[in-house]
Amino acid sequence: MTEPIVNDLTIQAATVNGSGSQTANLVLTRAIFHMGVPVAPKNVFPSNIEGLPTWYQLRITPEGHMARSDKVDVLVAFNVATWRQDLTTVRAGGVVIHEEAFSTAEARTDVTYYAVPFSKLAKAKIQSDTLRKQLANMIYVGVVAGVLGIPWEALEHGVRRQFLAKPKAVPINLDAIKVGYDYWQDNFSKEDPYRLEAMTGRVEGKALVEGNQAAALGALMGGASVVAWYPITPSSSLCEYFIAYSDRFRVDPKTGEKLVSVVQAEDELAAVGMAIGAGWAGARAFTSTSGPGISLMAEFSGLAYYAEVPVVIFDIQRIGPSTGLPTRTSQADIGFVYTLSHGDTKHIVLLPGTVEECYEFARDAFDYADRFQTPIFVLSDLDLGMNLWMTPEFKYPEKPFDRGKVLSKDDLEKVAGEWARYRDVDKDGVTYRTLPGTDHPAAGYFTRGSGHDENARYTEGADAYANNMDRLVRKLETARHALPAPVIDEAGSSVGLIAFGSTHAAVVEARETLLSAGQAIDYLRVRALPLSDDVAAFVERHERVYVAEQNRDGQLFDIVRLALPPALVDRVRSIRHYNGQPIPAAAIIEPLMDREAVPA
Amino acid sequence: MSATVNHVGLPRDAYKGAATTLCAGCGHNSITNHMIKALYELGVEPHLLAKMSGIGCSSKTPAYFVETAHGFNGVHGRMPALTTGAHLANRQLIMLGVSGDGDTASIGLGQFMHLIRRNVDCTYIIEDNGTYGLTKGQFSATADLGSMQKKGAVNTFQPIDPCAVALALGCSFVARSFSGDGKQVVPLIKAAIAHRGTAILDIVSPCVTFNDHDGSTKSYSWVKDHEESIADVSFIPFFEEVHVDYEPGTVRDVRLHDGSHIVLKKLGEDHDPTNRQAAIRVIEEARAEGHLVTGLLYVDTAMADFASTEEIPQRPLKDLGEAELRLSREQFAQFMSEFA
């Protein structure tokens with residue numbers, strides 16, 4: 001037998017959608033995480049309720065890499081429909097745990113097979129007819145645990161943690177896992193090099209959280225009190241988590257009343273309209289959507305930009321255009337969202353790159369919205385939003401809400417009612433507003449998406465229009481300096497890398513790999529649009545800068561080049577990944593190796 | 001001499017708005033005047049009024065009454081969404097939506113229907129002229145089959161009747177009127193505002209420029225000749241005493257949840273405004289006979305409105321602060337530990 005490979009492998013479970021396999025995968029993930037071993041799960045699922053193939057990749061590395069791997073070490077083949085294809089994905093020397101009934105005639109000979117009669121075991125050992133299909137998946141958890149040496153105690157923890165809300169389900173699931181665990185012990189001897197061993201130092205103090213969970217918690221802590229949404233993958237879970245958290249934390253203990261209103265709207269047009277109506281009336285409001293929904297929100301986004309109404313809009317990106325691949329990830333909305341709407345429009349876009357930032361940016365988005373009286377877009381994606389990521393625990397906010405420039409009745413009395421909704425008193429482009437319900441005769445004004453003067457009165461006047469549009473530029477410029485600054489990690493290399501959002505995980509890994517090959521790459525991670533001046537300065541400090549992103553056209557690459565002085569534009573190059581699978585480190589390493597001719 | 005004031009101490013002038021920019025003689029301007037009268041007599045406090053609208057001639061009118069109130073002229077057909085959101089943010093506001101037939105029956109038909117489905121507490125006035133005025137006279141979806149455009153084109157499609165749609169959806173308040181009939185419009189506006197839930201008030205309002213000719217069924221002369229009121233409407237606000245001195249059996253009295261009353265005096269056939277099937281029948285019969293039936297068609301005072309169904313507090317959500325909206329430090333720590 002070859003040298004053992006410890007805590008460095010990728011498991012891929014190929015199963016049938018709707019069969020309960022996701023629960024089994026999560027139990028496995030939590031059990032391994034409990035051993036102190038870093039995990040990075042990626043769920044590759046179809047747009048389907050039941051029957052189509054689905055894959056769950058569980059990447060395990062001692063370093064804690066969180067990007068998708070494009071190599072499979074251990075395949076769990078549970079779906080006859082994809083069996084032959086799945087077999088081709090395993091690396092030479094890998095492990096294949098498969099249903100015994102699947103034929104291995106003429107199959108590869110460079111992998112280790114463990115054939116398990118899953119169907120027969122399920123029939124013989126699982127008593128419950130109604131739960132047999134789901135519990136059958138737990139049998140493979142037991143087999144994988146046997147192959148890799150996951151201790152029973154870790155499996156118990158994984159099951160208990162997965163069924164926190166349903167403790168009754170714990171024993172039957174453990175029984176099913178035991179069937180597989182015992183079968184492996186009784187029938188196989190270890191023939192492959194892969195092992196899992198408990199370790200310390202990598203996962204302590206960390207949690208496993210989905211980006212959409214983090215954003216939902218952020219929105220709750222940010223004080224969102226009116227939410228309107230329309231179901232769409234991969235955004236739905238953000239609102240569903242928000243509802244669940246609200247049911248727990250936003251019920252008035254004295255009256256039983258809800259301190260939040262969440263509306264499932266008739267479509268995305270209505271969803272964003274309701275959020276804007278609520279923002280206008282002074283509540284912290286948001287909607288959450290994905291590709292097709294964000295297209296429908298374009299008109300209302302222009303209204304909120306031009307009439308200057310605070311609102312937060314989450315876009316959990318998926319592959320487009322049109323319906324595209326509804327359950328595959330992408331970063332291809334960034335260009336569209338940045339200028340969403342007809343006319344001259346430019347929005348503030350927050351770009352969380354980690355689960356922790358999903359929480360923080362979601363929370364702070366409500367402050368930015370109130371402060372700058374404009375839509376704040378939070379751009380996440382399916383990979384970040386729907387997969388579990390290891391993250392440091394989130395921090396409790398120390399600052400109170402920033403409600404921005406709102407004039408109260410008292411404020412209006414102090415200025416004897418002398419104010420104008422769109423007058424730039426402070427010369428920062430940000431004007432004062434009043435909320436409906438303010439009991440002062442000068443409080444009211446007429447909000448409109450048509451041309452307006454400083455007093456919000458209708459005008460088609462050329463100067464009034466142009467002056468107002470110029471002020472909106474000033475406002476965005478004020479905001480630009482207040483947004484999350486880029487995170488820069490540099491050590492004087494001549495080569496730089498720029499990325500945003502979930503591409504971050506692949507960049508981290510790519511830089512480590514390249515560094516160990518002798519090539520240091522500096523890194524700037526963009527966290528908001530419009531771009532900080534730091535970006536141009538970073539380009540200036542480097543001879544060549546690569547912008548890596550998950551879209552076909554190099555959308556951030558274009559945005560970066562537009563922000564540069566002409567002399568710097570040619571320094572910037574583009575790395576693009578756009579097949580719907582989360583970007584692996586290899587997609588950054590390979591083009592960099594090619595173009596930078598890293599010495600061997 | 002002090003000016004006459006209403007029960008909140010405001011003169012009628014406090015309910016005026018900017019000068020209209022609509023055509024002279026436009027039915028919408030009459031409705032604006034009815035609105036001013038109704039709001040003044042009701043004693044609506046301007047700072048609690050939220051005037052909402054979409055896009056079109058009708059949607060400009062909120063600028064022409066109660067200038068000191070907040071207003072929101074949004075995007076075409078989406079007044080209901082803005083209204084719903086603003087209402088949820090602050091239940092204390094009196095939501096008054098003004099829309100048109102293009103805004104309501106075409107681009108905004110979905111939002112119109114879903115607003116009704118939720119029974120959001122608001123008044124929804126449709127200034128219905130059967131034509132697109134701002135874009136110079138195309139048919140709207142409420143134009144009657146066979147009615148003629150100014151230049152002679154004939155409408156070949158069935159009309160969408162907002163009242164019939166509202167009734168089919170179980171709307172809790174459905175009325176129709178005519179812009180030229182202030183005696184009926186004013187009490188209906190008051191009743192719609194006093195009603196808790198979505199109140200649909202379809203007011204036929206002739207477009208003098210594009211739809212007031214022979215062959216139109218939304219012209220002044222056609223409506224005057226074909227209007228058939230089902231009952232005389234009067235409204236008694238909660239702050240006035242009820243004096244019903246009609247003969248027994250000649251009136252119907254509908255008590256609204258705020259204590260005000262709608263008093264309906266029989267004209268022809270007795271119509272029970274709490275009977276939805278009867279209301280649908282009245283509309284269908286009038287349509288078959290080529291009449292425009294006006295008056296309070298249907299009211300359900302018991303249906304729970306949206307904010308009540310959603311169990312949100314009377315206190316505006318917009319006023320909640322960190323203490324109510326954020327988890328406490330202890331709750332947060334506990335919650336985070338559950339992710340480990």
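This is a predicted model: local features need pLDDT of at least 70, side-chain atom pairs count only at pLDDT 80 or more; totals for chains, interfaces and linings use all residues.
Chain A is divided into four parts: domain 1 covers 5-204, domain 2 covers 209-392, domain 3 covers 405-461 and domain 4 covers 487-596. The interface followed here is the one between domain 2 of chain A and domain 3 of chain A. Taken over C-alpha atoms, the centres of these two domains are 27 Å apart. On the domain 2 side 13 residues are in contact with domain 3, and on the domain 3 side 16 residues take part.

The size of an interface is often given as the accessible area lost when the parts come together. For domain 2 and domain 3 of chain A, the buried area is about 1100 Å², and carbon and sulfur atoms give 49% of this area. Within domain 2 of chain A, the residues that lose the most area to domain 3 are A:Trp280, A:Tyr306 and A:Gln373; together they account for 49% of what the domain 2 side buries.

Polar and charged groups also pair across this interface. Six residue pairs are in polar contact, with both residues at pLDDT 80 or more, and one salt bridge is found between the two domains. The side chains of A:Arg433 and A:Asp370 form a salt bridge, with an N to O distance of 3.6 Å.

Three helices of chain A each supply at least two residues to the domain 2 side that touches domain 3: H9 (268-280), H11 (298-307) and H13 (355-372). Sorted by class, that side of domain 2 has seven nonpolar residues, three polar residues and three charged residues.

Key. Residues are numbered from 1 along each chain as its sequence is written. Chains are lettered from A and ligands numbered from 1 in the order in which they are written. Side-chain values use heavy atoms; hydrogens and water are left out. Domain bounds come from an automatic or database domain assignment. Contact means heavy atoms within 4.5 Å. Buried area is the accessible area (1.4 Å probe) that two parts lose on being put together, summed over both. A salt bridge is a side-chain nitrogen of Lys or Arg within 4 Å of a carboxyl oxygen of Asp or Glu. A polar contact is a pair of N or O atoms within 3.5 Å; within protein, one must be able to donate a hydrogen and the other to accept it, and residues adjacent in sequence count only if both atoms are side-chain atoms. Helices (H or I, at least four residues) and strands (E, at least two) are DSSP runs, numbered from the N terminus. Ala, Val, Leu, Ile, Met, Phe, Trp, Tyr, Cys and Pro count as nonpolar, Asp, Glu, Lys and Arg as charged, and the others, Gly among them, as polar.
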